[in-house]
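This report describes selected features of the structure shown below.

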Amino acid sequence: MRTLVTLTTDFGTRDTYVAQLKGVLYALGPRDLELVDLTHEIGAQQVMEAALFVRAAWPRFPPKTLHLVVVDPGVGSARRGLACAHGEQHWVGPDNGVMSLLMDATTRAVSLAPERFVSGPVSATFHGRDVFAPALARLAQGAALETLGDPTFEPVQLCWPAPHISRYELQGTVLHVDRFGNVISNITRAVIEAWQPTSVWPRLRVRVGNGPWLPLVRCYADVAEGSGAALIGSSDWLEVAVNCGDAGQQFGAAPGATLEVCVLQTGA
Amino acid sequence: MRTLVTLTTDFGTRDTYVAQLKGVLYALGPRDLELVDLTHEIGAQQVMEAALFVRAAWPRFPPKTLHLVVVDPGVGSARRGLACAHGEQHWVGPDNGVMSLLMDATTRAVSLAPERFVSGPVSATFHGRDVFAPALARLAQGAALETLGDPTFEPVQLCWPAPHISRYELQGTVLHVDRFGNVISNITRAVIEAWQPTSVWPRLRVRVGNGPWLPLVRCYADVAEGSGAALIGSSDWLEVAVNCGDAGQQFGAAPGATLEVCVLQTGA
Amino acid sequence: MRTLVTLTTDFGTRDTYVAQLKGVLYALGPRDLELVDLTHEIGAQQVMEAALFVRAAWPRFPPKTLHLVVVDPGVGSARRGLACAHGEQHWVGPDNGVMSLLMDATTRAVSLAPERFVSGPVSATFHGRDVFAPALARLAQGAALETLGDPTFEPVQLCWPAPHISRYELQGTVLHVDRFGNVISNITRAVIEAWQPTSVWPRLRVRVGNGPWLPLVRCYADVAEGSGAALIGSSDWLEVAVNCGDAGQQFGAAPGATLEVCVLQTGA
């Protein structure tokens, strides 16, 4: 297995910023480095979206994968840099919450001390290239996390919306609308399972905002083309979709919207 | 030569789906795997466009290249998965016509039997990650095509438009308008050669829709900037272009439009 | 270190053109080839933008990196192909000015003689694939620059705008507006340093077009969210930005606009 490094940024692909990052990684990293673009289309400065994407993708990567996450509106200010280890993988980026969803009792984190690993000049506007990429290259070369800075026990945590659970209703929040218009919420399969036994699932109905109540199905093709449905997506998040259509557009849903699940009462 | 794998999807690059595919391929594939993005910008669920792109790109890749094609509106339904071998290359994807243009007497195809090669859980909405990538990783590891499923002799074939040929006219269909606005048709160089000797080509005129009749030239710069012309493109398909301009916009041409070729009659 | 090759084109990522280039490079290049997308989003046929990007990115890449630059509106016409060596890196592309900013007394350049290194057919519309990629693959295999053609001493040079310097004012031109809306000019840090001692910098004010006069700060976060400022960007070019906002939009700035720097006179 080569040394895999993923890149998550809000740089887009029009400019040279991603290429500059990669140049530094190739120059400082190990010979067997393999770079994978996770995405460069995070909304400009959308830290929460980045945190979500980081969370969705890493379980698919092999152990020892490293991840560079550069969504950094506070670049050059007093915000610290962060490197952390979770499972057998590593992350490096600004300490602004982009790694929020990785943090648990097993996560180790250090606050970056650039003077310990940066030799060249550091610009005030591109720490991705001048601080985070060199830090990640060190880890990729096999350095221990602790060589990059001192342990920190209070990394910035985003205030992440949690679903509200009551006896007859589950209320969540839309986190993301993907390229196909699938509307993805913060309600996981595990939450639904803890709420209702699967025998009740055929009677669950889901709506986003003021949209129609939709059945919970297994796959897009379970409903007619153009029809809406809810399903548990490939990352185990409850989503609302339209078969061969765009649910975000059809139901006017955007991040932050409310998504509700209820149990259809069988007639008396 | 390393093990080259190309990826063709309609996932776009905003979401984490492509990265998840790649994570699986790196985890399950050979150590010398090299991934090449063919495109992720296939129109959402546009199977025919995918088939065209698959056809245009593969001749440029070295023998033994493998191709993953995931444009899959029917994911989770009864549609089968398909793997095929053509020349010295392999393809894996849904059996919905995306490989239509590879099918000839020499092509071998199997209908995927996921239970023979998938160990983890299979989601209902992301077979690209859970079925096709593992299948392709197996082939990349050197497994024989037949280990992935049983031979199939009736893969889904798209109904592909064929040009109409008469004595004085050739009528084709627009397949694709590229980023530059070049309008690409289903009329190949071979079809024109079979129709008229090259000595007649200077008298050929081409139009798309109700646009003006344009001369057949060799390269864009053969006409003035802003002027339209027809030429045989780099994949040997007849196209209509505007030098330093956008023919699709200028002539209002989109996939499905008619493209005609006629012979200019010399004055009596 | 593997053999790194960057790609800069105006092909976009919707079509198969980039993949075709890559296929040829993998087929003809060395086994340890590593391809890096610099960008494929150069504005269609914008040679000057390509020249700027080439200039911004190469210093970040390790010695021996090779660069393929295909922004080629004159493809198929009489324009020549060019390969050049600068520092320890190489470039290949059309001789239309895309390499303008690399040219100095130390740069060696040859005019491509395709008959010396191309074996297959050459299309009239895709020299990137049929001429430049094969040329670059040769260099990547270790061939000397001079095997690709005869030395040329007059490569096409773009007429690059230079800043005007007077005692109290510096006047430059906007070269590029990046994804974040940062407005990047042709005034470098070195030009400002030669003009005014850094002790005067706190009194410098910068404006783009008829926009407001903005202070020169160190990083985006030095001003309030939504406020404009000037700063020296990560490639040492003076730029105008809005903290967490889009300066291009807010100040109506586009490439070609004027950017002025003046010294604020302290009150009498």
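In this predicted model, C:Phe126 has a relative accessible area of 5% and is therefore buried. C:Phe11 likewise counts as buried, because its relative accessibility is 7%. B:Phe180 is buried too.

Across all chains, the whole structure holds 15 aromatic pairs. Two of them involve C:Phe11, as tabulated here.

| Pair | Distance between ring centres | Angle between planes | Geometry |
|---|---|---|---|
| B:Phe180 and C:Phe11 | 6.4 Å | 75° | edge-to-face |
| C:Phe11 and C:Phe126 | 5.6 Å | 85° | edge-to-face |

B:Phe180 belongs to the loop between strand 9 and strand 10 of chain B, and C:Phe11 to the loop between strand 1 and helix 1 of chain C, so this pair joins two chains. C:Phe126 sits in the loop between strand 6 and helix 3 of chain C, so its pair with C:Phe11 ties together parts that are 115 residues apart in sequence. Elsewhere, ring pairs link A:Phe11, A:Tyr17, A:Phe126 and C:Phe180 into a cluster.

Within chain C, the axes of helix 1 (residues 17-28) and helix 3 (residues 127-140) come within 9 Å and cross at roughly 35°. The crossing of these helices is right-handed. Residues that meet there include C:Leu21 and C:Val24 from helix 1, and C:Ala133 and C:Leu136 from helix 3. By class, the contact comprises eight nonpolar, two polar and one charged residues.

Chain C is superposed on chain B by a rotation of 120° with 0.0 Å of shift along the axis, at an RMSD of 0.0 Å. This is the relation of a three-fold axis. The C-alpha of chain C nearest that axis belongs to C:Glu34, at 5.1 Å. Only 12% of the interface residues of chain C are also interface residues in chain B, so the copies meet through different surfaces.

Key. Residues are numbered from 1 along each chain as its sequence is written. Chains are lettered from A and ligands numbered from 1 in the order in which they are written. This is a predicted model: local features need pLDDT of at least 70, side-chain atom pairs count only at pLDDT 80 or more; totals for chains, interfaces and linings use all residues. Side-chain values use heavy atoms; hydrogens and water are left out. Axes are lines fitted to C-alpha atoms, for helices over the stretch in contact, and angles run from 0 to 180 degrees between N-to-C directions. Helices (H or I, at least four residues) and strands (E, at least two) are DSSP runs, numbered from the N terminus. A crossing is left-handed if the near helix is turned anticlockwise from the far one by less than a right angle, and right-handed if clockwise. Contact means heavy atoms within 4.5 Å. Ala, Val, Leu, Ile, Met, Phe, Trp, Tyr, Cys and Pro count as nonpolar, Asp, Glu, Lys and Arg as charged, and the others, Gly among them, as polar. Copies are superposed by least squares on the C-alpha atoms of residues with pLDDT of at least 70 in both. Rings of Phe, Tyr and Trp (its six-membered ring) pair if their centres lie within 6.5 Å; planes under 30 degrees apart count as stacked, over 60 as edge-to-face and the rest as tilted. Buried means under 20% relative accessible area, exposed over 50%, partly exposed in between (1.4 Å probe, protein chains only).
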